[in-house]
Amino acid sequence: MRTAYRVQDVRAAEAALMARLPEGALMRRAAAGLAGACAGLLRRVYGARVVLLVGSGDNGGDALYAGALLARRGAGVSAVRLGRRVHEAGLDALVRAGGRVADDPYGVLARADLVVDGITGIGGRGGLRPEAVPVVRAARESGAVVVAVDLPSGVDADTGAVEGEAVRADATVTFGAYKPGLLVDPAREYAGALRLVDIGIRDLLPGAPELQALQHADVARLLPVPAAESDKYRRGVVGVVAGSARYPGAAVLAVAGALRGGAGAVRYVGPAGDAVLARYPETLVHPGPPGRAGRVQAWVIGPGLADTPGVADVLASDVPVLVDADGLRLLDPAAVRARPAPTLLTPHAGEAAALLGTVREDVEARRLDAVRELAGRYGATVLLKGSTTLVADPSPGVPVRVNPTGTPWLATAGSGDVLSGLTGSLLAAGLTARDAGSVGAYLHGLAARRAATGGAGVSPTGAGAYPYDGGRAAPGAAGGAPLTAHEVARALPGAWRDVAAAAPGA
Ligand SMILES: NC(=O)C1=CN([C@@H]2O[C@H](COP(=O)(O)OP(=O)(O)OC[C@H]3O[C@@H](n4cnc5c(N)ncnc54)[C@H](OP(=O)(O)O)[C@@H]3O)[C@@H](O)[C@H]2O)[C@@H](O)CC1
Ligand SMILES: Nc1ncnc2c1ncn2[C@@H]1O[C@H](COP(=O)(O)OP(=O)(O)O)[C@@H](O)[C@H]1O
Ligand SMILES: [K+]
């Protein structure tokens with residue numbers, strides 16, 4: 001499992017470790033890791049042209065010490081000063097190693113092979129300052145590989161927000177622990193490939209991180225597996241209330257997901273029974289209302305529902321309920337808060353904005369804050385869909401899960417319906433709302449990657465999702481082809497098998 005910690009926790013851990021180590025030891029560890037990563041990105045260090053963008057703080061210090069190490073290996077290293085101050089000991093080390101301060105930043109940038117962004121790290125506030133903006137643009141336009149130190153300068157480490165301009169890096173070398181902004185959009189997009197350098201603070205970080213990103217082995221442990229004595233009822237029955245005369249396809253897609261999510265049976269309730277049966281004869285169909293349809297272990301309500309009644313009925317039940325799409329528009333917040341059984345809300349940014357009384361752009365700019373706030377306000381688990389899918393628990397101390405497997409190819413009509421069916425099925429099979437949401441999003445993203453690329457998923461460690469391959473970042477959609485929601489559903493068993501194969505002893 002990958003974890004991310006807030007700046008205050010990273011600083012506290014660093015301070016505790018620094019008190020036990022000689023002065024400067026941590027920065028030397030960070031710089032050595034950074035220099036090693038830079039060397040890996042350059043075909044040859046000797047003769048390479050490296051430019052350091054150096055801000056006022058220790059982030060600039062890291063860049064200067066790493067630059068000194070590269071200069072000692074024969075690189076031509078120039079420092080561009082962008083702060084009011086500079087890390088003096090770092091600058092001395094660079095000059096002693098043969099590096100220099102650039103008189104003409106644009107001249108050295110035009111010839112650079114590698115640019116090291118040491119403007120700000122965890123001490124940065126707001127976007128880049130105006131004087132840094134043209135320099136950063138010149139770095140990007142030079143075609144050099146851009147490596148961010150700890151974080152791309154200008155992004156918010158704790159929230160993933162980007163206010164104004166920020167560095168767009170090909171790779172980010174981060175120290176001690178991932179920061180939330182490296183895993184959550186929009187900042188994640190600026191970070192490129194990630195590499196974590198161990199500087200020895202791991203055991204000094206708090207027990208609960210801010211974020212968790214599951215990997216294959218974590219998901220494998222959570223997958224429901226039928227026991228020898230299982231029957232379809234013991235595996236769980238999921239009830240799907242979806243579709244309408246206007247949108248029968250949403251019912252078919254939600255059932256397509258539900259049939260592949262581990263429940264023993266899928267009960268469809270609504271007016272699109274014929275369309276569902278035509279595609280999936282194994283479905284149990286009932287015209288409704290849900291209260292008369294028979295016992296289920298979890299309900300999914302909402303995809304393509306239009307204004308069909310049933311939300312209040314389902315929310316009044318004593319089993320876990322997943323509410324999506326039109327269901328989110330029709331729900332009574334007080335009824336959600338009053339439920340003794342778990343509720344999982346699965347909005348996209350627009351639906352989340354409506355639930356919060358704000359606008360979509362606001363949610364997209366601050367996804368992590370938005371998902372936590374929604375979970376708190378509604379007393380429900382919330383899965384916020386989109387470019388980075390997040391799952392928040394209603395209890396504030398519980399880490400938010402961030403899904404690493406998503407791909408922009410998923411932005412296709414109906415793929416959310418597949419996700420709600422799949423996730424509801426996991427709920428019916430007995431997973432908690434938080435686990436069902438994170439496992440559902442993981443399998444859904446993996447299936448989409450397989451469908452878009454003709455088989456390639458992500459590696460068991462999640463490389464391919466947060467890659468560090470010694471080269472440039474693998475962009476999310478590279479090498480893929482358009483896919484349909486149905487293809488995502490059909491690729492789910494393959495994704496499930498990939499993940500299950502990573503279980504210990506599998
Ligand atoms: N602690 C440790 O043990 C270790 C820390 N390590 C490293 O230290 C980094 C943290 O260093 P830090 O605390 O010095 O902060 P940092 O990110 O360099 O920026 C601070 C200064 O930047 C300025 N500034 C602010 N906003 C700005 C903006 N928008 N645009 C431009 N400038 C802006 C502002 O100064 P001002 O210019 O206002 O005087 C502020 O004081 C951390 O990320 C990691 O790389 C590693 O070596 C491992 C060990
Ligand atoms: N840019 C993106 N990157 C990754 N995943 C995305 C992106 N945009 C949308 N998705 C995913 O695609 C699905 C779309 O669901 P939703 O918005 O409900 O659409 P629909 O209602 O058409 O099914 C969600 O799983 C969401 O997380
Ligand atoms: K930086």
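**Helix packing and ligand shells**

Biologist: Why are H2 and H3 called oblique to each other?

Modeller: In this predicted model, helix H2 (residues 25-41) and helix H3 (residues 58-72) pack at an angle of about 55°, with their axes 8 Å apart. Angles under 35 degrees count as roughly parallel, 65 to 115 as roughly perpendicular, over 145 as roughly antiparallel and the rest as oblique; H2 and H3 are therefore oblique. Axes are lines fitted to C-alpha atoms, for helices over the stretch in contact, and angles run from 0 to 180 degrees between N-to-C directions. Helices are DSSP runs (H or I, at least four residues), as are strands (E, at least two), numbered from the N terminus.

As for the source, local features need pLDDT of at least 70 and side-chain atom pairs pLDDT 80 or more, while totals for chains, interfaces and linings use all residues. Residues are numbered from 1 along each chain as its sequence is written, and chains are lettered from A and ligands numbered from 1 in the order in which they are written.

Biologist: Which residues of H2 and H3 meet?

Modeller: Contact requires C-beta atoms, placed from the backbone, within 7 Å. In H2 the partners include Met27, Arg28, Leu34 and Cys38, and in H3 they include Asp58, Asp62, Tyr65 and Leu69. The contact divides into 12 nonpolar, 1 polar and 3 charged residues, where Ala, Val, Leu, Ile, Met, Phe, Trp, Tyr, Cys and Pro count as nonpolar, Asp, Glu, Lys and Arg as charged, and the others, Gly among them, as polar.

Biologist: What makes H20 roughly perpendicular to H21?

Modeller: Helix H20 (residues 433-453) and helix H21 (residues 485-500) pack at an angle of about 110°, with their axes 7 Å apart. That angle makes H20 roughly perpendicular to H21. By class, the contact has 11 nonpolar, 2 polar and 3 charged residues. Leu443 and Arg450 are among the H20 residues that meet H21, where Trp496 and Asp498 are among the partners.

Biologist: How many residues surround ligand 1, and which are closest?

Modeller: A residue counts as near a molecule if its C-beta atom, placed from the backbone, lies within 6 Å of it. There are 30 around ligand 1, with Gly57, Asp58, Asn59, Gly121 and Gly123 the closest. H3 supplies the largest share, 4 residues. This shell has 11 nonpolar, 11 polar and 8 charged residues.

Biologist: Which helix gives the most to the shell around ligand 2?

Modeller: Helix H19 (residues 415-428) does, with 4 residues. Of the 18 residues around ligand 2, the nearest are His348, Lys385, Leu410, Ala411 and Gly416. The shell comprises 6 nonpolar, 10 polar and 2 charged residues.

Notes: Contact = placed C-beta atoms within 7 Å.
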